[in-house]
Amino acid sequence: PPAPVCLGRTVCYVVLAVLFNEEGAVLLVQEAKPECRGRWYLPAGRMEPGEGVVEALRREVKEESGLECEPITLLALEERGPSWIRFAFLASPAGGTLKTLEEADAESLQARWWSGDPRALPLRSPDILPVLDLATRYRRRPPHPPTLPRQLPCAPLCLRLLLPFTSTAGDLWVLLGTAGTPHLPVVACGTSPPELRAGLCRPVLRLLRDCLPWDPPWDPRTGVLGLLGLQHRAGGDGGADGICFNVVLSAPAPGTQGDVPPEPRDPALRWWHVEDEGLRGRILQRLRATVPIRS
């Protein structure tokens, strides 16, 4: 088992919020930090030790804008490996008053509802523009169900993988671990110094290459990793701040595999044939309805 991760020492979690008012204007804050003072950005900031993801979101929005908020859904998971992970949320205003220049502090100078093109403002970074696009599209037609963190503990940083295999006849298999009660495979992230600087996808790629005899080898460029959900509880055993990401890998099987999935090399894994039509339909539907992961 990998060592527990500690927020602020081995991992960095960041929250970012997109809020709209009834007129469709977006909430922006003016930065007070010396390196970007006077520029505009979405409410954002680092999680603090002992703090939950949603708790951090509410705190940052309050500190920087003066508003209370309630999260609606996770819009995107942005990551640079375990060393930096950002949770971008769509949230709704729930009280408070906008911070004015007279209330400027170290967190921000002021906040305002902006109804124009954000690119007309001097932005701290254009990296918020794709997030704003996701939020606008979600309000118009949600591409995935509302997704919020579950309050469940996890000491390390890991991925729980839903890997489906669909035959040409439409049969569905799911890869399972066989140790104890059958379960979805779990792979740890950041178990070595190179992995701390690599994307979260690396342990999934290692699992596929080492355990599944696909010929030719599976090409990661053909797959799409999506987020189904996540679990996190602040202040776990020993102060651990791990997160388990439930992810689905939607990927066509390489080469000609026939109508059954390739037998795993590892005896701790096996394919489970999903015969229940209701469950099969729900799994196939979620392959197309996930929170995007941006590496």
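Me: In β3, which residue is the bridge partner of Q30?
Reply: This is a predicted model, in which local features need pLDDT of at least 70, side-chain atom pairs count only at pLDDT 80 or more, and totals for chains, interfaces and linings use all residues. Residues are numbered from 1 along each chain as its sequence is written, and side-chain values use heavy atoms, with hydrogens and water left out. Strand β2 (residues 26-30) runs antiparallel to β3, joined by two bridges; strands are DSSP runs (E, at least two residues; helices are H or I, at least four), numbered from the N terminus, and two of them pair if DSSP finds at least two bridges between them. The partner of Q30 in β3 is W40.

Me: Which are the edge strands of the open sheet of three strands?
Reply: The order in this antiparallel sheet is β3-β2-β7. Pairing on one side only marks the edge strands, β3 (40-41) and β7 (110-114).

Me: Why is one side of β4 and of β11 left without a neighbour in the sheet of nine strands?
Reply: This open sheet, with mixed pairing, has the order β4-β1-β6-β5-β15-β12-β13-β8-β11.
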